[in-house]
Amino acid sequence: SLGSTELKTGVTLAELIRRPELNYQVLAPLDHERPELPRSITLEVETEIQYEGYIKKQSVQINQFKKLEKKSITDVDFDDVKGLSNESRQKLKDLKPISIGQASRITGISPADINVLLIYLEQQRRKNE
């Protein structure tokens, strides 16, 4: 039991380590062939296993952010972009961001405004094909 809920199916030790009440030390009786490792290493492994999902999600967000940084809007006439608020349109015209990433960091430019810009860029790309 090891202070955890009962297992209904076979699981890996990594899946057990994901449970907050279990760790490398507690699971020693289940893994007779495991090496004795310094606590600093087991802590690092436990952390990587327990936060693997968050790390993957963050990695996806970083990649999306990098794409937005590269997506140029230097040739966009913001008056042609339907759906932007007048305030956002004016800020974009005044500040002249060169990428979607820059535009997303302007105070007052909402995620909805960024989506409107992305849709506009996609429509323009399709027109030009």
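User: What pLDDT does the protein average?

Analyst: This is a predicted model, in which local features need pLDDT of at least 70 and side-chain atom pairs count only at pLDDT 80 or more, while totals for chains, interfaces and linings use all residues. Residues are numbered from 1 along each chain as its sequence is written, and side-chain values use heavy atoms, with hydrogens and water left out. pLDDT is the predictor's confidence in each residue, from 0 to 100. At least 70 is reached by 93% of the residues, and the protein averages a pLDDT of 87.

User: Which element has the highest mean pLDDT?

Analyst: Helices (H or I, at least four residues) and strands (E, at least two) are DSSP runs, numbered from the N terminus. The lowest mean among the elements, 82, belongs to helix H1, residues 13-17. The highest, 96, belongs to residues 86-95, helix H4.

User: Is arginine 34 buried or exposed?

Analyst: Arginine 34 sits in the loop between H1 and helix H2 (39-50). Leaving aside neighbours within four places in sequence, arginine 34 is in contact (heavy atoms within 4.5 Å) with Tyr24, Gln25 and Ala28. Buried means under 20% relative accessible area, exposed over 50%, and partly exposed in between, with a 1.4 Å probe and protein chains only. Because the relative accessibility of arginine 34 is 14%, this residue counts as buried.

User: Which residue forms a salt bridge with glutamate 36?

Analyst: Side chains of opposite charge can pair when their charged atoms come close. A salt bridge is a side-chain nitrogen of Lys or Arg within 4 Å of a carboxyl oxygen of Asp or Glu. Glutamate 36 is exposed, since its relative accessibility is 64%. With the closest N and O atoms 3.6 Å apart, the partner of glutamate 36 is arginine 34.

User: How far apart are the closest N and O atoms of glutamate 46 and arginine 39?

Analyst: Glutamate 46 has a relative accessible area of 5%, so it is buried. Arginine 39, at 38%, is partly exposed. In the salt bridge between glutamate 46 and arginine 39, the closest N and O atoms are apart by 3.3 Å.

User: How many salt bridges does a search of the whole structure find?

Analyst: Glu122, Arg125, Arg126 and Glu129 are linked in a network of salt bridges. Over the whole structure, the search finds ten.

User: Which residues is leucine 117 in contact with, leaving aside its neighbours within four places in sequence?

Analyst: Leucine 117 is among the residues that touch the most other members of the largest core. Beyond those sequence neighbours, its contacts are Phe78, Val81, Leu92, Ile100 and Ala103.

User: Is lysine 96 buried or exposed?

Analyst: Lysine 96 lies in the loop between H4 and H5. Its phi is near 50°, a positive value in a residue other than glycine. Because its relative accessibility is 60%, lysine 96 counts as exposed.

Key. Core = buried A, V, L, I, M, F, W, Y, C linked by side-chain atoms within 4.5 Å.
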